[in-house]
Amino acid sequence: MNRQAQAVIMLLFGGAILRASISDLYLRYVKEGLRPFLIGAGLLLVAAAVMTLWYELRPRRVTRSPVQPDAADDHGDGHGHEHHHEPRVGWLLILPVLGLLLVSPPALGSFAAGQAGSVLTAQSSDSDYAALEPGDPVDVALLDYASRAVFDEGRSLTGRTVRLTGFVTPGPDGEPMLARMVLSCCAADGRPIKVGLEGDGPAGVAADTWVQIVGTYSERVGKDPVNDADVPYLMVTSWQEITAPKQQYE
């Protein structure tokens, strides 16, 4: 790989990052707050690539010096040009470029949820669980519902009708569950939050189908076979299929 090839790949890489950052594609891989850093990184890569190409392709003035013929052969091609080559492993940088430009891998879904254990974050005390907003059904994040159901024992959910949004994933007994991936930084550290479904749930719906489910708190608590974490349940009263939201992670 010579300098010109490096610059072209760097230009494509920076362009792919900018394309993903300007659109909503980047939300499949990182948190929304990282967009400015991705744009900055893409611009730096493009600028570095353009400057490298300019430096390599600009006309050069050859200054002849009294050197021995064999000395010129030792440092270049005998015409005043040096060849700079880097390890061939650098060509692997084109793989993420092709992935972003041609393939666009989807956000993490039911397969990733089935491979990792459900994650729950306990709050410090019961008083940390504020009352839900007025009006039923009230939209509640999946992680918030699970935390209230398990660590608050459903006290802040009792008597309320909630609406949860997530994708369908198969449970350990084959019955559908509702899940969503939770990110700390990027998709590499994504872990699922899972909620079991009682009542008239989305039976027979394909995995990774996005649904909105309306229901009430259920006292039933199961276990995730992957890490033995508590999995709360929701008593389903109605549900509907929806298109995947722009922000698929919590």
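Lys-223 is partly exposed, because its relative accessible area is 48%, a value that falls between the limits for buried (under 20% relative accessible area) and exposed (over 50%), as found with a 1.4 Å probe on protein chains only. Lys-223 forms a salt bridge with Asp-230, their closest N and O atoms being 2.6 Å apart; the term stands for a side-chain nitrogen of Lys or Arg within 4 Å of a carboxyl oxygen of Asp or Glu. Asp-230 also counts as partly exposed, because its relative accessible area is 27%.

This is a predicted model, in which local features need pLDDT of at least 70 and side-chain atom pairs count only at pLDDT 80 or more, while totals for chains, interfaces and linings use all residues. Residues are numbered from 1 along each chain as its sequence is written, and side-chain values use heavy atoms, with hydrogens and water left out.

The structure holds nine salt bridges, and another of them joins the side chains of Asp-152 and Arg-155 at 3.6 Å, N to O. Asp-152 counts as buried because its relative accessibility is 4%, whereas Arg-155 is partly exposed at 47%. Through salt bridges that share partners, Asp-152, Glu-153 and Arg-155 form one network.

Glu-198 and Arg-220 form a further salt bridge, with 3.6 Å between the closest N and O atoms. This pair links distant parts of the chain, since Glu-198 lies in strand E4 and Arg-220 in strand E5, 22 residues apart; helices (H or I, at least four residues) and strands (E, at least two) are DSSP runs, numbered from the N terminus. Glu-198 is buried at 18% relative accessibility, and Arg-220 is partly exposed at 39%.

Both partners of that bridge also meet Tyr-233, whose contacts, leaving aside neighbours within four places in sequence, include Glu-198, Arg-220, Tyr-145 and Val-195; contact means heavy atoms within 4.5 Å. Tyr-233 is found in strand E6 and counts as buried, because its relative accessibility is 11%. Between Tyr-233 and Arg-220 there are 13 residues in sequence and 5.7 Å in space, C-alpha to C-alpha.

The next topic is the interior. In soluble globular proteins, nonpolar side chains tend to be buried together. A nonpolar core is here a set of buried Ala, Val, Leu, Ile, Met, Phe, Trp, Tyr and Cys residues joined through side-chain atoms within 4.5 Å. The largest one has 22 residues, of which Tyr-145, Val-162, Leu-164 and Leu-234 touch the most other members. At least two residues each come from helix H6 (142–151) and from strands E2 (161–170), E3 (176–182), E4 (191–199), E5 (210–223) and E6 (230–241), with the largest share, four residues, supplied by H6. Beyond its neighbours within four places in sequence, Leu-164 is in contact with residues including Val-140, Tyr-145, Leu-178, Ile-213 and Leu-234. A second, separate core of nine residues has Ala-112, Phe-167, Leu-183 and Tyr-249 among its members.

Leu-98 has its place in H4 and counts as partly exposed, because its relative accessibility is 38%.
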